Amino acid sequence: MHRLRWRSALGPTVFALVSIALLIYDHLNRRIDELVFWLTLGLIVTVFVRMVETVRRQSAALRERERETLNDPLTGLGNSRMLSSDLDTVCARHGERWALVLFELDGLQAHSDRFGSAAGDELLRRAAHTLVHAVEPLNGAVYRIETTRLAALVPCGESRGEEIVLAVTAALGEGETDSGVGRLHGAVTIPEEAEERSTALQIAGQRLAAHKQRQHRSARRQAHAVLIAALCARQPELRDHLRGVTYRAIALARRLGVGVNEIDDIALASDLQDVGLLAVPESILDKEAPLGEFETAAIRSHTVDGERIIAAAPGLVPIAALVRSSAERFDGTGYPDGLAGEGIPLGSRIIAVSVAFAALTARRPYRAGMNGEEALAELRRCAGTQFDPRIVDALAADLAEEATPVGAPG
């Protein structure tokens, strides 16, 4: 590349040399006088020097541009293009063993949104520096390949690939434990598990995604367990009610063809739909007399309070949205946002029917619970106003199926 850049100066250089040679020849043969000779020679040399300087500056600019296309400006690390190039080189070296590790700083964007982009950039630079410090003694290289992703390419030598991966991932996991930003990874060994760049990146990416899914599921469950424990510690009688609501919500979601991930969200939201009651004074919850205007407003705000409490756990943000809308009515007269029809999240509509059915069939100190048929009749009466008719129909199908003896003809 360097030779190609200076090749453009070859023609002008030859022209300048020929011009100087002719000028000297004419001068020696007395065809031009002394003053004209030196002036012309000076002009040729000046033009040639300027031309060389121009080529030098252009070459420097091209080198800088080339460096920028292969390096990340924030961290100074190689970028995805450089990683691709290096992977091609590594995969072509038969007999050498390498480990490719992809890292994701999970929650970095949320950290930047909360504390500012400068704080996010600084955290990323520190993570990159930590990774470089761990990889350099192993003769490896570090790259920033996406906004929140880093990569390390490390020779294994005689070591097992798992040992190299463990050493690298352990180093990155040591710092920033209080930042709320997780360190997820996915690794692949070359050539044992992949012999081509695309295959290596695909396998490492899939393993990173699987790690991320496991971490999120674990974090969701832990946050859910803490909130349920707090709610039931205050109102122990809610436990059986919540179990009934969650069971019914899952059954309805399955009957309506909801996907597995969405069903998990609905199940967690069903369990947590009353968590906003933690923000309501016990004097209001335990009051037997009719509630006043202020007290009614406090009760009606529990879905918004529930959203706020639940959303404090990043993994539960989708659940928080379902809880917020769980008191909306199909005709738009519900709260807190007055949503109507399909504008209400499907999960929230399912929860509303499940909560109502559980409440109608529950035994109370002042009345016996309805049976399934009576509760269904009441829900049908409110279908189209309070409840989504399609979900009430799904409940009817569910109850009919439950009432049919196993082995009986459908």
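**Interior packing and enclosed space**

Beyond its neighbours within four places in sequence, L316 is in contact with R220, A223, H224, L227, L268, L272 and I310. The model that shows these contacts is predicted.

L316 also belongs to the largest nonpolar core, a set of 43 residues in which I310, L316, I350 and L379 have the most contacts. At least two residues of this core are supplied by each of α8 (197-234), α9 (238-255), α10 (260-272), α14 (317-324), α15 (346-361), α16 (372-381) and α17 (389-403). With 7 residues, α15 provides the largest share. In soluble globular proteins, nonpolar side chains tend to be buried together.

One of the contributing helices, α10, may be followed in detail. Its 13 residues reach 19 Å from the first C-alpha to the last, close to the 18 Å expected at 1.5 Å a residue. Buried in α10 are I263, D265, I266, A267, L268, A269, S270, D271 and L272. The cover over these buried residues includes α8, α9, α13 (302-311), α14 and α15.

Where is space left enclosed? The structure holds 1 cavity of 30 Å³ or more, and about 60 Å³ of space lies within the largest cavity. Its lining comprises 13 residues, and E328, I344, R349, A352 and Q386 are those nearest the centre. By class, this lining divides into 5 nonpolar, 4 polar and 4 charged residues.

Definitions and conventions. Residues numbered from 1 in each chain as written. Predicted model: local features only at pLDDT ≥ 70, side-chain atom pairs only at ≥ 80, totals over all residues. Heavy atoms only, no water. Core = buried A, V, L, I, M, F, W, Y, C linked by side-chain atoms within 4.5 Å. Buried < 20%, exposed > 50% of the residue type's maximum accessible area, 1.4 Å probe, protein only. Helix = DSSP H or I, 4+ residues; strand = E, 2+ residues; numbered from the N terminus. Contact = heavy atoms within 4.5 Å. Expected span 1.5 Å × (residues − 1). 1 Å grid on protein atoms, 1.4 Å probe; cavity = no way out; pocket = protein on both sides within 12 Å on 5 of 7 lines; lining within 4 Å. Points joined across faces, edges and corners; volume = space filled by probe spheres on them. Nonpolar A, V, L, I, M, F, W, Y, C, P; charged D, E, K, R; others polar.
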